[in-house]
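Subject: Handover of a structure, with findings

Dear colleague,

Please find below the structure that I am handing over to you. My notes on its contents follow directly after it.

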Amino acid sequence: MQQNNDNVYVNEGNNEEGPSGEGIYANDDEEEELFINNFEEEELSLNKEESKKRFKAFVREFRRERSFIYREQLLKRWRLKEYQLEIELEDLNSYDMVLCAALRARPEFHIEQFESGAKEILRESILEEGGAAAYREVPVDDVELFNTWSGAQIQITLKSDTENGRQLRSLSSKTINKLIKICGIVTSATKVKNKAIRCIAVCSSCKHRMFFETPGPFQQPNIPKKCQGPGRINNEGKHISCTLQNPYLIIGDLCSFVDQQSLKLQERQEDVPTGEMPRSCTLVVDRNLVDLVAPGARISVLAISSLFESRLRGSNTKNNNIGLRTPYLKVLGIQSDDPNGINFRGNHSKLRFTPRDEERFIAYARRPDIHDVIARSIAPAISGDYTVDIKKAIASQLMGGSRKEMNDGAKLRGDINVLLLGDPSTAK
């Protein structure tokens, strides 16, 4: 934590210069360190200005079939009020292998420079198209987009179709702060919350104002317990220092927020070893990536493997081991592994029914034994007289019931719930 001349506290834990020097490797099932780029440590140690300069050149100059795809994508999304730029790692690697390797080695550091560079390119592109008049006509809601403070508003998302996904149980200390690709199934999703990325606090005594930037998705800004202001002048003209303890109050109306959501990613069934339970990991998505997937979706994510301090339930700080951290993945890009994309937002249009399909649905609905047909279609490999009623109950749960209103005004929900009891390994 370091304070600059403008009383802005910035956490610089992720801005350390120099990578690990161990090289960049592709992810596979056996967790082998297969180096894809053998660069020297000095080549990967790009500073902020060099990283931003190389990325801006990539966005401006990279083209495919005579089309500057990323420059055009940036302008197109901005006109639609979508402040996002999706980058394919294959394109970045073909244009600048050093920059792509540096991104994989220090993603947190370089993504910040990429977002800042994208904001500058957008501003320059608007000026080139319509001059200063076009820039003055930027909507009031978008003015903060071009502010000079460090929190860039253009979100950089990543995509890779050729890279192999890593299994969840292969995550280790070697992958911390590295860019990795993970495959799995989403089992739960929290409600979208508002995360304060820039807080403004005011001293309740001398009205001294300070700015704080939050260091991570699960952390809070470190607000000083004593006033950092110069104090105030009393009625007698004497200078009085502010001596209040915990004097700063957060002014919510002046803070900047982004949407944030937590997902739980579980191993795919085919990746779980025989006799073991599937493992899971927490994903953190923000801004344009929230509400993108629903539970049940099979996805691949490009993310930064990170750590956060979680306090054990029912314990205090003294009893906790401060050296232990809980892993989580900060997502930079999401791709659907389901060909139909049923649980992936924006892909519902892929699931279409032909007129012949609709005729078959109507014919099935007219059959008197439709309940038995659906029940027999559930897990046909599991058979036996004892499974008939169980499958019928599951079929009823899949279809759901109807909402009922009783004579006394009580309302009954149409949801049908099933509880299966039995010994382990009995095909529940």
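A salt bridge is taken here to be a side-chain nitrogen of Lys or Arg within 4 Å of a carboxyl oxygen of Asp or Glu. Searching the whole structure on that basis gives 19 salt bridges.

Please note that the model is predicted, so that local features need pLDDT of at least 70 and side-chain atom pairs count only at pLDDT 80 or more, while totals for chains, interfaces and linings use all residues. Residues are numbered from 1 along each chain as its sequence is written, and side-chain values use heavy atoms, with hydrogens and water left out.

Salt bridges

Lysine 56 is joined to glutamate 120 by a salt bridge whose closest N and O atoms are 2.9 Å apart. This pair connects distant parts of the chain, as lysine 56 lies in helix H2 and glutamate 120 in helix H6, 64 residues apart. Helices (H or I, at least four residues) and strands (E, at least two) are DSSP runs, numbered from the N terminus. For accessibility, buried means under 20% relative accessible area, exposed means over 50%, and partly exposed lies in between (1.4 Å probe, protein chains only). Lysine 56 is buried because its relative accessible area is 12%, whereas glutamate 120, at 28%, counts as partly exposed. Both residues belong to a network of salt bridges that links Lys52, Lys56, Arg60, Glu120 and Glu124.

Aspartate 91 forms a salt bridge with arginine 64, with 2.4 Å between the closest N and O atoms. Here too distant parts of the chain are linked: aspartate 91 is in helix H4 (residues 89-95) and arginine 64 is in the loop between H2 and helix H3 (69-79), 27 residues apart. Aspartate 91 is buried, with a relative accessible area of 8%, while arginine 64 is partly exposed at 36%.

A further salt bridge joins the side chains of glutamate 276 and arginine 169 (2.8 Å, N to O). Glutamate 276 is in the loop between strand S13 (256-266) and strand S14 (280-286), and arginine 169 is in the loop between strand S6 (155-159) and strand S7 (179-189), 107 residues apart.

Aromatic rings

Rings of Phe, Tyr and Trp (its six-membered ring) pair if their centres lie within 6.5 Å; planes under 30 degrees apart count as stacked, over 60 as edge-to-face and the rest as tilted. The count by this rule is 6 aromatic pairs. Phenylalanine 55 and phenylalanine 114 make a stacked pair, at 4.3 Å centre to centre and 10° between the planes. Phenylalanine 55 belongs to helix H2 (residues 48-61) and phenylalanine 114 to helix H6 (residues 107-136), 59 residues apart. Phenylalanine 55 and phenylalanine 114 are both buried. Phenylalanine 58 and phenylalanine 62 make a tilted pair, at 5.4 Å centre to centre and 40° between the planes. Phenylalanine 58 counts as buried because its relative accessibility is 0%, and phenylalanine 62 counts as buried at 11%. One aromatic cluster is formed by Phe55, Phe58, Phe62, Tyr70, Tyr95 and Phe114.

Valine 258

Valine 258 is found in strand S13 and is buried, with a relative accessible area of 11%. Apart from neighbours within four places in sequence, valine 258 is in contact (heavy atoms within 4.5 Å) with Lys193, Asn194, Lys195, Ile197 and Arg287.

With kind regards
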